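Please find below a colleague's note on the model shown here.

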Amino acid sequence: MAAMAMVTLTSASCGGTGQETKVWQASVRSDDPVATVAPTWINGLRVVRDSGKEQSCVWSTTYPQVPGAQPLTDELRRLVEERRAGFLEWARESGCGESDVKAPELNIGFGFLAASGDVIGVRFTVYQLGGAGDGKSTTSRWYDGAKGQVVPALSLINPPAMSRFEALTGKALADIDAQARLTDTRTLDDLAFTRSGDLVVTFDEGEVAAGAVGQVHAVLPRAEVEPLLSDFGRRAQAQVMRPVGRLALPGYTADGSVDCRRVKCVALTFDDGPSPFTDRLLKYLAAYHAHATFFVVGQNVVMHPGVVRRAMRAGHEIGNHSWSHRDLTTLPPAVVRADLLRTDRAILKATGVAPTLVRPPYGAVNRIVRRQSPHPLVLWDVDTLDWLYRNSAHVTRAAVRPARPGSIILFHDIRPTTVQAIPQVLKRLSKRGFHFVTVSQLYGGEVPARAIRGPHP
């Protein structure tokens with residue numbers, strides 16, 4: 001029996017929507033399109049958006065940050081940065097704006113193919129006008145939450161069945177058009193399911209047919225392809241056809257927050273601000289979807305309330321670091337209490353949220369400070385000594401080398417050399433598998449009266 005398949009040929013211009021130009025079909029099993037979802041149930045899901053202009057060449061990119069799937073976020077970021085770098089290199093060499101034709105443009109968007117149970121699928125759609133990648137292209141990545149691994153599209157197919165899958169795809173193409181054929185398995189980089197379980201194999205323009213016809217979408221019927229699926233492929237198919245409507249990823253709670261008893265966490269903490277350098281620090285943290293805790297000085301909050309408000313709205317935690325950074329152990333009980341409550345009020349006025357943590361200046365604590373503090377006292381187990389060694393490379397080493405799961409790392413965002421070190425700190429700790437959380441998140445919302453190092457696996 002001949003394989004049943006449908007191939008739709010579409011064309012699209014850069015930055016626009018695909019327009020169907022012609023449809024050939026050998027035998028149609030299902031007219032369902034590729035299944036996509038808008039996973040509003042993923043608490044903490046963020047979309048990273050960026051755009052720019054190189055002379056007259058413009059670009060815009062987006063990719064998702066999924067809580068509990070850091071390897072997937074890292075891979076999606078890599079794909080976006082790699083494609084953008086290639087476009088900009090070409091654009092600079094070609095001389096943007098020196099031609100009478102429309103200036104080159106790059107647009108990268110994404111859609112979720114699945115986001116259910118321990119399976120996530122993401123498809124990138126790239127529109128590029130100008131350069132070697134001119135036109136529309138797509139690629140998909142899948143995430144196996146049970147293993148914590150990003151897997152390519154072909155991982156949906158059982159390796160021993162790969163030859164049969166290639167033959168099925170090739171036969172479908174040959175049945176449609178003698179010139180449409182599978183000649184390179186590297187073009188099999190976009191596989192997804194329809195809602196009814198059929199497998200859609202998407203080829204970019206020119207990969208299996210003349211470039212003028214646009215993309216090719218081959219829909220292989222469920223009955224034909226199901227015996228060829230890998231274990232992960234069957235799980236992915238099931239989550240597309242019968243989604244449970246929630247993620248079940250190891251190390252994350254039902255509300256999408258981090259469970260630091262099951263995954264490696266560190267709490268980055270910044271003292272003495274806000275400062276003129278804090279906004280730049282917020283951008284660095286956002287690039288890694290990192291949450292931090294800022295222990296702010298009350299009189300600085302009054303001077304820069306907008307900075308504190310932006311930090312809080314970005315998901316960071318704001319803690320009390322006294323009104324003017326006096327050593328609280330030298331003060332009478334009533335003065336200690338008044339100092340901390342005054343700072344609480346300043347933070348509440350700036351952010352609309354009352355703080356729940358205190359870091360005493362210099363880490364100085366005695367019986368009076370413990371009794372007069374309205375909140376748990378947070379110290380640290382990793383001291384970067386960035387106030388003494390004002391060198392970014394030194395700060396990076398001092399933060400990264402001793403960091404352990406549950407560490408609370410002390411920085412000062414009033415030092416420009418400290419802020420300059422943060423991108424490398426985030427990069428190196430991310431590679432070691434750490435998640436960046438607030439102090440309260442580190443303790444699951446129940447911070448002890450005196451905190452030095454948090455829970456860990």
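**Note on side-chain packing**

1. The side chain of T139 lies 3.3 Å from the backbone oxygen of D189, a polar contact (N or O atoms within 3.5 Å; within protein, one must be able to donate a hydrogen and the other to accept it, and residues adjacent in sequence count only if both atoms are side-chain atoms). The model is predicted, local features need pLDDT of at least 70, side-chain atom pairs count only at pLDDT 80 or more, and totals for chains, interfaces and linings use all residues. Residues are numbered from 1 along each chain as its sequence is written, and side-chain values use heavy atoms, with hydrogens and water left out.

2. T139 belongs to strand 7; helices (H or I, at least four residues) and strands (E, at least two) are DSSP runs, numbered from the N terminus. T139 has 17% relative accessibility and therefore counts as buried, where buried means under 20% relative accessible area, exposed over 50% and partly exposed in between (1.4 Å probe, protein chains only). A further polar contact, of 3.1 Å, connects its side chain with that of R141. Leaving out residues up to four places away in sequence, T139 touches V122, R123, F124, D189 and D190; contact means heavy atoms within 4.5 Å.

3. Y143 is also placed in strand 7 (residues 135-144). Is Y143 buried or exposed? Y143 is buried, at 3% relative accessible area. Its contacts, not counting residues up to four places away in sequence, include G68, P71, D118, I120, Q149, F232 and L249. Between Y143 and F232 there are 89 residues in sequence and 9.5 Å in space, C-alpha to C-alpha.

4. The largest nonpolar core has 38 residues, and W142, F165, L191, L199 and V201 have the most contacts inside it. Such a core is a set of buried Ala, Val, Leu, Ile, Met, Phe, Trp, Tyr and Cys residues joined through side-chain atoms within 4.5 Å. Among the elements that give two or more residues to this core are strand 5 (105-116), helix 2 (162-176) and helix 4 (231-241). Helix 2 supplies the largest share, five residues.

5. Not counting residues up to four places away in sequence, L191 touches residues including L113, W142, I157, F165, L199 and V201. A second, separate core has 34 residues, including L268, F270, V296 and I318.

6. Aromatic pairs number six, under a rule by which rings of Phe, Tyr and Trp (its six-membered ring) pair if their centres lie within 6.5 Å; planes under 30 degrees apart count as stacked, over 60 as edge-to-face and the rest as tilted. F110 and F112 are edge-to-face, at 5.8 Å centre to centre with 85° between the planes. F110 is partly exposed, with a relative accessible area of 24%, whereas F112 is buried at 4%.

7. Why is the pair of F270 and F294 stacked? The ring centres of F270 and F294 are 5.4 Å apart and the planes lie at 25°, so the pair is stacked. This pair links distant parts of the chain, with F270 in strand 12 (residues 265-271) and F294 in strand 13 (residues 292-296), 24 residues apart. F270 is buried at 1% relative accessible area, and F294 is buried at 2%.

8. W142, F193 and F232 are linked into a cluster by ring pairs. Two charges sit over rings (NZ of Lys or CZ of Arg within 6 Å of the ring centre and within 35 degrees of the ring normal). K264 lies over the face of F434, 4.7 Å from the ring centre, and R342 lies over that of W323, at 3.8 Å.
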